[in-house]
Amino acid sequence: MRLLVQHRSTWRYTAAAMLGPHVIRLRPATHARVAIDDYRLRVEPAGELRWQQDPTGNHVARLTFPTGTRTEALVVSVQFACDVRTTNPFDFFVDERCTSAPFVYPDELRADLAALLDRTEPSLFAGARFVAFLDALPFAGDTVQLLVQLNAAVHRAITYVEREEPGIWTPEATLAAARGSCRDSAVLLMAVLRHRGIAARFVSGYLVQLAHESPITGQASLVPEDSVALHAWAEAYLPGAGWIGLDATSGLLCGEGHIPLACTSSPALAAPVEGTSDSLAESVQFRMQVERLAAGVT
């Protein structure tokens, strides 16, 4: 099914603001399960936009504005078309050396995965609650089944809530509250995976959900209408399989509706938009929509 995704973010300032350099991470990653085309990024006021890839392969736009430019609002708009087809999230094989956990990553991968196995990353702070939670979780067995169990355990332990305030809670804070946003659950799952010796990273992306076209008679659709939203999840690296997306908010493996934008060893490096200004933003507005396109329409 061909879809058009649109995302518009608007920052309005208390006074006409001079904007410093900005970094935008709103371009789908190359390992997305959907085919992306006709991608467009527009910024108002206009500035100089340069694309690059960061050390982990994320598409990053670096934006600068002409000296003296002042504006009452910054608008960042994204639009792209994508072809969404149902996929099997378990359609992969695992290197025979790593099919059973615990396992040791092959020598040729350890250096590249070092940052993704780091348990001392400040955002992953683990205290007494985390240790107790971890001790109650499985640690051995079939590797894929272990991933499923750990993801499900985080899903059961944390009640999903929308948190408007900025920042991400540490695993300890999330467990203390027994609730959290998608980004909080993703960081908790990252910590669990790394403590089980599995390389894991944080993912910021879009989640596209489509309403059932033909709901089963007598049963309400879980998704009443087509929607798209910014979302966060974790990915685990399995030799042979590559990066496996795990969505602790749903307790399921990621599917074709998960479109990764930035995948990083630290959640602080995955912010969709970051930058500076000499005036405070008094409001931030987001508008996202997805529509179905007829075949051949762009």
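This is a predicted model: local features need pLDDT of at least 70, side-chain atom pairs count only at pLDDT 80 or more; totals for chains, interfaces and linings use all residues.
The mean pLDDT of the chain is 93, and 95% of its residues reach a value of 70 or more. An exception to this level of confidence is found over residues 214–220, where pLDDT stays under 50 and where the model has zero contacts beyond four places in sequence.

An open sheet is formed by five strands, which follow the order E13-E12-E11-E10-E14 with antiparallel pairing. Strand E13 (252–253) and strand E14 (258–264) stand at the edges of this sheet, and because each has a single partner strand, one side of each is left without a neighbour in the sheet. Within the sheet, strand E11, comprising residues 227–238, pairs with strand E12, comprising residues 242–247, in the antiparallel sense over five bridges.

The length of the helix can be checked against its residue count: at 1.5 Å a residue, the 15 residues of H3 should span 21 Å, and the end C-alpha atoms are 21 Å apart, so the two values agree. The buried residues of H3 include Thr143, Val144, Leu146, Leu147 and Leu150, and Asn151, Ala152, Ala153 and Val154 are likewise buried. In general, an α-helix has 3.6 residues a turn, so residues three or four places apart point the same way. At the start of H3, a side-chain oxygen of Asp142 reaches to within 3.3 Å of the backbone nitrogen of Val144, the latter residue being among those that are buried in the helix.

The side chain of His7 makes a polar contact with the side chain of Tyr206 at 2.7 Å. When neighbours within four places in sequence are left aside, the contacts of His7 comprise Leu26, Val76, Ser77, Val78, Tyr206, Leu230, Phe286, Arg287 and Met288. Gln285 lies in strand E16, which spans residues 281–292, and is partly exposed, because its relative accessibility of 46% lies between the limits of 20% and 50%. Not counting residues up to four places away in sequence, Gln285 touches Arg8, Ser9, Thr10 and Arg12. The C-alpha atoms of Gln285 and Thr87, by contrast, are separated by 33 Å, the two residues being 198 residues apart along the chain.

The peptide bond from Glu44 to Pro45 is cis, with omega near 0°, and Pro45 is found in the loop between strand E2 (35–44) and strand E3 (48–53). Ala46 lies in this loop between E2 and E3 and is exposed, because its relative accessible area of 61% is over the 50% cut-off. Leaving out residues up to four places away in sequence, Ala46 touches Phe65 and Pro66, whereas the C-alpha atoms of Ala46 and Thr69, residues that are 23 apart in sequence, are 9.7 Å apart in space. The peptide bond from Ala101 to Pro102 is also cis, with omega near 0°, and Pro102 lies in the loop between strand E6 (100–101) and helix H1 (107–113).

Positive phi values in residues other than glycine are found at Asp38, where phi is near 55°, and at Ala178, where phi is near 60°. Asp38 is located in strand E2 and is partly exposed, with a relative accessible area of 28%. Ala178, for its part, is found in the loop between helix H4 (171–177) and strand E9 (179–180), and its relative accessibility of 34% places this residue in the partly exposed class.

Conventions:
Residues are numbered from 1 along each chain as its sequence is written. Side-chain values use heavy atoms; hydrogens and water are left out. pLDDT is the predictor's confidence in each residue, from 0 to 100. Contact means heavy atoms within 4.5 Å. Two strands pair if DSSP finds at least two bridges between them. Helices (H or I, at least four residues) and strands (E, at least two) are DSSP runs, numbered from the N terminus. The expected span of a helix is 1.5 Å times one less than its number of residues. Buried means under 20% relative accessible area, exposed over 50%, partly exposed in between (1.4 Å probe, protein chains only). A polar contact is a pair of N or O atoms within 3.5 Å; within protein, one must be able to donate a hydrogen and the other to accept it, and residues adjacent in sequence count only if both atoms are side-chain atoms.
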